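Please look over the sequence and the structure shown here before reading on. The briefing that follows takes up a few topics in turn.

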Amino acid sequence: MDWLKNIFKNTNDETDVMDIDELFEVLPVLPLKDAILMPGAILPLIVTNPTSASLIKDFHGTNSSIVAVGMRKPHEPVPAVWENMYRIGCVAKITKVASTKPGELSIMIKGFKKVVLEEKITDVPYMKVRVTYLDENMEPTRQVFALALSTRDILSQLARLSYQNMESVLSNLARLKDPAMLLATAATNLPIPASKKQRILEENDMERKYTLLYEALREELDILELSSKITEKARGEINHAQREYYLRQQLKAIKKELGEAGGDLDDEMEELRKDLDAKQLPEEVKAEVDKDLKRISRMQPSSSEYVTIRTYLDWILDLPWQECSEDNLDIDNVEKILDEDHFDLKKPKKRIVEYLSVKKLKDDLKGPILCFVGPPGVGKTSLGKSIARAMGRKFVRISLGGVRDEAEIRGHRRTYIGALPGRIINGIKTAGTTNPVFMLDEIDKLTRDIHGDPASALLEALDPEQNTHFTDHYLNVPYDLSRVFFITTANMVDTIPPALKDRMEIVEIEGYTHEDKIQIARNYLIPKEIEANGLAGRCIDFTDEAVAHIIRHYTRESGVRNLQREIASALRTIAFQVAKGCTDSFGVDAAFIEKALGPIRYQPEAKQRTRIPGVATGLAWTPFGGEVLFVESALVEGKDEMILTGQMGDVMKESARLALSITKAMGRPIEKDHGLHIHVPAGAIPKDGPSAGVTIVTSIISLLTDRVVREDLAMTGEITLRGVVLPVGGIKEKVLAARRAGFTRLILPKMNEKDLRDIESYVTCDLTIHFVESIEEVLAIAFAGTDQDIFQAFPNPDVDVAAVDAPRPRA
């Protein structure tokens, strides 16, 4: 420390006093990071900032002054900015400059006078400021001498405790007799926070400065003494553990000489080793377990690492490695059980029976990975339980909705305190077998954040080619998941990552028809709710009329979850009367339902809403099933050619613009100084997609021709600029939605005719379905009995209205 000699040398030479002529008003600024310079003190610095280095080279050797100012936030961008500088600094001179290595200067500066920075003058080539010199009361009083004595005492104590490895510096400071010199040198060079140093600099009274310095050093001393006590305590605990280990070893030797049995710990280790050998672990797992057994046998039970390893070995012991359930390969019995639990659902039932048929022929078949996709309430989750019961396997379910941490799937590494395996391994442990039916519910609702992507962690588990060696972070050994029957559920596939979706077999479960819901209510829901509400054995006649009334007027869903709630609510009305002592038989009809559930909630609104020009009915698909969509058009005064409302998405807005262009091509321009306003009701719900194209065109034509669209007609289809109708998705859901809303006539794209094969004939038997290829056919059906003049200006106008109006053969 060469700079130490300069700090403590005699500074009472003539260069220490600045002449009055040297008090310049404008001075260059040397910004200080984590340092503050006091008047009368010497501060060594390492300069790497190019701007500061340029300033030093310009002023060194000129005997000119600079102002050293601390930075409020030392990690702010370089060069320093005016807003980040303290407003109180110290005038200084550069006393020494040395170049240590390229781009770095080692300097010493000495403080002389405290100043306040009034304003910035320039930033080029370095910051210059206008300053005002401040006077301070630096006359030592008796109180100051007392504080100086206490400060020297604290410095001596800090030196004994090796504070920041500055024993020699602290010892030299403790020997300084001049209070002013001690204050300036200690406050400048000791590693106390820069904010506290700045407070000392800003004070004008010497006694107050000493008080602040003493408090700062006292705090550092208290922290150092506490740290020393903690270190001594930890050393004592280590010595205690070593002593305990030594005594236990002696006790073991004494017992051995006396011929007594081994201690409890030895018995426990031997029993653990036997249990692990009986598990018939795979070779890779056995090697890891043997290594941990050797380590734990040399540890004391009181050590934290012993607990960590013992918990790990318990997990290895609790996991099933060879245990598995025997599959029920009686195909007829499996079909019977599946039909008992769920009505319809032919696709998933067929896939389960196919798997078991192949399993019967090939015993080492890997478990499939299915993804049930459908609206809420159609029985996806309960179907998983039914599959497990039919196959004779254990059932495990975990919900992935909102999971955003990869460790939830793959576990935490053992280095973390409280680490545990992920949900998959935990589910296998709960099942107790290596081949359970494992349901991953709501896989489309996984999220991701800074902790990782859980969907990516599932890739290994749900890949039949990789899951034979699934590695959980906690276990850190491969585990075979190939015999697990994985089932995932989702409301929609769009939010499932493509790589994950590619590993699963998608099985779509569509919504139920009106007839399906009546069957499900009669055979499943009503008996279940009668039992759940304590009405078993009571004479209750729940008619199909009542169920149909609930379906039409109290629920709007693709599944049966709300239907079950309403049935339960009606039965609770009966339970209330039974609890009051009524023993009569009960008949549940439409009148009883209205009395129990209140006024009708949903009225058929299609006819009332479509009896005016400018309104057409479309069909939409949502993750919760099909929906009826009304498109309304109106002419409004204004310069805007088109106004779109109802939370339309970008694709739907493009369909509206296409519809306007098609309308103009038909020779139906918008009146001058008028615009077209298109609105899709239920404005709080976002809507998007191209399938409303034909509906929007029909709505506009209806408005401009003042003709009403058929009130029993609903339609769907994408439209092109040339008037061609393109296919769309979700046909079954849309047909069910139209039938549910009371529409009897539908317009579908010609290329969607094949999709009706998946719809039961009793659904379409009372529907008139038209398959169209162009917008002319759509308009001819929508405006029954219209004249040909509606098509006069559109290309390809040769449309036989009578022929188009006739229904096409249904699939």
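Is Q157 buried or exposed? Q157 is buried, because its relative accessible area is 18%, where buried means under 20% and exposed over 50%, with partly exposed in between (1.4 Å probe, protein chains only). This is a predicted model, in which local features need pLDDT of at least 70, side-chain atom pairs count only at pLDDT 80 or more, and totals for chains, interfaces and linings use all residues. Residues are numbered from 1 along each chain as its sequence is written, and side-chain values use heavy atoms, with hydrogens and water left out.

**Surroundings of Q157**
- Q157 lies in helix α3 (residues 142-160), helices being DSSP runs of H or I with at least four residues, numbered from the N terminus.
- Apart from neighbours within four places in sequence, Q157 is in contact with L221 and E225, contact meaning heavy atoms within 4.5 Å.

- Once neighbours within four places in sequence are set aside, the contacts of Y210 include V144, L147, A148 and T151.

**Helices α18 and α20**
- Residues of α18, among them K517, A521 and L525, meet residues of α20, including L563, Q564 and I567.

Terms used: Helices (H or I, at least four residues) and strands (E, at least two) are DSSP runs, numbered from the N terminus.
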